[in-house]
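The sequence and structure come first.

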Amino acid sequence: KMNNIIQKPFLRWAGGKTWLLNKLSTHIPFSYNNYHEPFLGGGSVYFFLNPNNLSFLSDSNDELVNTFIQVKDNIDDLIKELKEYKNTIDHYYLIREKSYRDKVKRAARFIFLNRTGFNGIYRVNLKGKYNVPYGFKDYKYLFDYNLFRSASKCLKATNISSGDFELTIKNIHERDFVFIDPPYTVSHIKNGFIKYNEKLFSWEDQERLANYINQIKEKGAFYVMTNAKHDTVENLYAQIETPISINRFSVIGGKYAKREPIQEFLFTNVKGIK
């Protein structure tokens with residue numbers, strides 16, 4: 001089922017799937033039981049679907065997961081914290097250096113850095129320290145508190161956890177629906193691996209993911225997966241499902257950026273199931 005009011009994501013997320021939403025509707029089962037998203041990221045697909053049933057949302061990024069939990073459970077305290085922040089370069093680097101034990105403060109810091117950092121990228125150095133530079137974004141207002149409040153309502157019937165995607169298989173049952181958006185291991189543009197992602201999601205992880213999808217199918221659940229359009233990806237997953245090619249436009253490059261069409265793969269066992 002689709003709700004009329006679409007909840008927008010409260011984070012900017014590089015690699016987010018907002019562009020996919022209008023193409024996705026043909027690949028959503030007409031009815032399904034619980035919803036699962038093991039690579040949550042900014043959550044644009046979850047917010048778009050706004051499922052009626054219980055949803056299991058997870059990600060391997062602990063800071064991201066904590067932020068979603070605080071938006072869900074502690075929205076008033078979180079907004080109070082967010083009101084302390086200022087969008088200035090000095091304040092940005094001051095906050096970037098800090099680390100908090102308190103979960104609400106940690107979430108507020110994460111949201112602030114995501115909003116004011118460069119391009120909504122989440123990147124840490126080898127020591128695990130967030131190291132994205134200031135974004136110089138001139139916002140009319142720093143935060144849309146109504147957006148956070150409506151996101152909080154939207155997350156009420158969710159089970160949010162942190163961990164590897166394989167751990168989520170135990171929650172998936174017949175006629176559930178799983179949306180899978182892994183970090184891309186191979187790049188579309190160059191015929192090779194995205195170096196910084198090799199740590200995040202290696203080729204072995206892609207192989208584990210193929211096995212995970214087989215298990216989803218064995219359970220009689222529905223799934224949709226997006227992935228990079230690349231021969232290696234096609235060879236790995238083609239034995240499970242025939243890939244569908246979808247086009248999207250991406251702004252590539254800096255000052256003289258141009259919109260380039262990028263092709264991605266979509267794999268799914270939803271065959272217009274009604």
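## Asn269 and its polar contacts

The side chain of Asn269 reaches the backbone oxygen of Ala221 at 3.0 Å. The side chain of Asn269 also reaches the backbone nitrogen of Tyr223, at 2.9 Å. The model is predicted, and the distances here are computed from it.

Asn269 belongs to the segment after β7. Its relative accessibility is 15%, and because buried means under 20%, Asn269 counts as buried. Leaving out residues up to four places away in sequence, Asn269 touches Lys217, Ala221, Phe222, Tyr223 and Glu241.

## Thr268, in strand β7

Thr268 lies in strand β7, which covers residues 258–268. Thr268 is buried, with a relative accessible area of 3%. A polar atom of the Thr268 side chain lies 2.9 Å from the backbone nitrogen of Val270.

With neighbours within four places in sequence left aside, Thr268 is in contact with His27, Tyr223, Val224, Glu241 and Ile244. Tyr223 and Glu241 are among the residues that Asn269 touches, and both are also in contact with Thr268.

## Aromatic pairs

How many aromatic pairs are there? The count comes to 25 aromatic pairs, with ring centres within 6.5 Å as the criterion. Among them is the pair of Phe10 and Phe148, with 5.7 Å centre to centre and 50° between the planes, which is tilted. Phe10 lies in the segment before α1 (21–24) and Phe148 in helix α7 (residues 145–154), so this pair ties together parts that are 138 residues apart in sequence. Phe10 and Phe148 are both buried. In the pair of Tyr92 and Tyr93, the ring centres are 5.2 Å apart and the planes are at 90°, so this pair is edge-to-face. Tyr92 counts as buried, at 0% relative accessibility, whereas Tyr93, at 32%, counts as partly exposed.

Ring pairs also build a cluster, which links Phe10, Tyr32, Tyr35, Tyr46, Phe47, Phe68, Phe143, Tyr145, Phe148 and Phe177. Tyr145, a member of this cluster, has the charged end of Lys83 over its ring, 5.1 Å from the ring centre. The charged end of Arg115 sits over the ring of Tyr139, 3.6 Å from the centre.

## The two sides of helix α4

Helix α4 spans residues 75–82, and its buried residues are Ile75, Leu78, Ile79 and Leu82. They cover an arc of only 100° around the axis, which puts them on the same side of α4. An α-helix has 3.6 residues a turn, so residues three or four places apart point the same way.

Which residues are exposed on the other side of α4? Asp76 and Lys80 are exposed there. The cover over the buried residues of α4 includes α3 (62–73), α6 (103–116) and α7.

## Totals for the protein

The protein has 10 helices and seven strands. Of its 274 residues, 48% are buried. The protein exposes about 14,500 Å², and carbon and sulfur atoms supply 51% of that area.

Among contacts with a separation of 6 or more, 71% are between residues 24 or more positions apart.

Methods. Residues numbered from 1 in each chain as written. Predicted model: local features only at pLDDT ≥ 70, side-chain atom pairs only at ≥ 80, totals over all residues. Heavy atoms only, no water. Helix = DSSP H or I, 4+ residues; strand = E, 2+ residues; numbered from the N terminus. Buried < 20%, exposed > 50% of the residue type's maximum accessible area, 1.4 Å probe, protein only. Contact = heavy atoms within 4.5 Å. Areas by Shrake-Rupley, 256 points an atom, 1.4 Å probe, with all protein chains shown as cover. Polar contact = N/O pair within 3.5 Å; in protein donor to acceptor, adjacent residues only side chain to side chain. Phe/Tyr/Trp six-rings, centres within 6.5 Å; stacked < 30°, edge-to-face > 60°. Lys NZ or Arg CZ within 6 Å of the ring centre and 35° of its normal. Arc of directions from axis to C-beta.
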